[in-house]
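Here's a quick briefing to read alongside the model. Have the viewer open and follow the topics in order.

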Amino acid sequence: MPGFRGFPTGDHPAVPLPEDFFTILLPEIEDHAELKVTLHLFWLLSRKIGEPRCASERELLADPILRRGLRRKGDPRPPEERLRAGLERAVARGTLVQVHLRLDDELVGWYFFNTEESRRAVAELREGTLPAERLLEGEGNEPGAFAKAALISLEWERPNIFTLYEQNIGLLLPMMAEELRDAADRFPEDWIVEAFREAVEQNKRSWRYIHAILQRWETEGKGGVHHGLSGRYSR
C-alpha cells in the first residue's frame, strides 16, 4: 500500500463537517461502508451548487472514488452491494433522508442529509411545490432534459425494517442486518410493521420475539390469509 505524502501547504479546499457527526454519529457507526458513504456524501454535496443538495444512487454508483473506497480486502461483496448496504444503514440511523423517483421503468433513490432544509425540501416534493425534475438537474442534467423522455413520479416508502429495528430495539449490527434483509424478502411489509408494533405493546423488544410472530403468521395464517412462501416473497 503506497504511503500518503501528506496534505499540501497553503490554501486548499476543505469540507465542513458538523460537530454532531463526531460527538453523536461517529461513536455509533461500526460498519465501514456506512462510514465511507457518509463521509463521501459530505464531500460530494459540499461541491454542489443550488438547492436541494442531494445525490442519487446511480450518481454514487458511477463515482470512481467512492467505488474504489468501498473495495475491502477479504470482503467478497462488490462495491455496488457495499454501497447499498451503507446507504440502508445511514437511512436507518437517521443520518440520511431518502426519496425515490420512478423514471419510466427505473426506480432511483435520492439521498439528503437529515437537516431542517432537507426535510423542508422533501415536504415540498411531497406537496408538489418543488418539481421532482429539480433532483435530476442536481445530477448535472439540463433543465427539462427528462420532461419528454421519462415519466417522473415521486414514490414514498413506509419505514423499512432497518428503521423499525433501530427505533424499537437498538443498534443495528452487520450480522443482524443480513437477517433483517432476509426477513424483508420473506414477509409482507405490513406484517413486519404490525409485528414490531405488537412486540412494543407487549414490552418484548427483541428480534427473536418479532421473528416468532412472523413465523407463526406464516404457518397459521393471519386474519384468515395464509402467507406461505410463494409469489414475490419466495426465496
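Among contacts in the protein chain between residues at least 6 apart in sequence, what percentage join residues at least 24 apart? The figure is 57%. Keep in mind that this is a predicted model, with a mean pLDDT of 83 for the protein chain.

**Overall make-up**
- The protein chain has eleven helices and four strands.
- It runs to 235 residues, and 37% of them count as buried.
- Its accessible surface is about 14400 Å², with 51% of that belonging to carbon and sulfur atoms.

- Residues with a pLDDT of 70 or more make up 87% of the protein chain.
- Among the elements, helix α2 (residues 32–46) has the highest mean pLDDT, at 95, while strand β4 (residues 152–155) has the lowest, at 73.
- Over residues 226–235 pLDDT stays under 50, and the model has 21 contacts beyond four places in sequence for this stretch.

**Aromatic pairs**
- There are six aromatic pairs in the structure.
- F42 and F113 are one of them: their ring centres sit 4.2 Å apart with the planes at 20°, so the pair counts as stacked.
- Since F42 belongs to helix α2 and F113 to strand β3 (residues 106–113), this pair ties together parts that are 71 residues apart in sequence.
- F42 is buried at 11% relative accessibility, and F113 is buried too, at 12%.
- F196 and W207 make a tilted pair, with 6.2 Å centre to centre and 35° between the planes.
- That pair ties together parts eleven residues apart in sequence, because F196 is in helix α10 (residues 189–201) and W207 in helix α11 (residues 207–220).
- Both F196 and W207 are buried.
- F42 and F113 also belong to one aromatic cluster with F21 and F22.

- V15, L17, F22, L26 and L39 make a nonpolar surface patch of about 360 Å².
- L26 sits in the loop between α1 (19–25) and α2, and it counts as partly exposed at 33% relative accessibility.

- Leaving out residues up to four places away in sequence, P52 touches F112, A121, L130, R134 and L135.
- The C-alpha atoms of P52 and G138 are 7.8 Å apart, although the two residues are separated by 86 residues along the chain.

Notes:
Residues are numbered from 1 along each chain as its sequence is written. This is a predicted model: local features need pLDDT of at least 70, side-chain atom pairs count only at pLDDT 80 or more; totals for chains, interfaces and linings use all residues. Side-chain values use heavy atoms; hydrogens and water are left out. Helices (H or I, at least four residues) and strands (E, at least two) are DSSP runs, numbered from the N terminus. Buried means under 20% relative accessible area, exposed over 50%, partly exposed in between (1.4 Å probe, protein chains only). Contact means heavy atoms within 4.5 Å. Accessible areas come from the Shrake-Rupley method with a 1.4 Å probe; for residues, only the protein chains shown count as cover. pLDDT is the predictor's confidence in each residue, from 0 to 100. Patches are made of residues with over 30% relative accessible area and no salt bridge: like charges are joined within 9 Å, nonpolar side chains (Val, Leu, Ile, Met, Phe, Trp, Tyr) within 5 Å. A salt bridge is a side-chain nitrogen of Lys or Arg within 4 Å of a carboxyl oxygen of Asp or Glu. Rings of Phe, Tyr and Trp (its six-membered ring) pair if their centres lie within 6.5 Å; planes under 30 degrees apart count as stacked, over 60 as edge-to-face and the rest as tilted.
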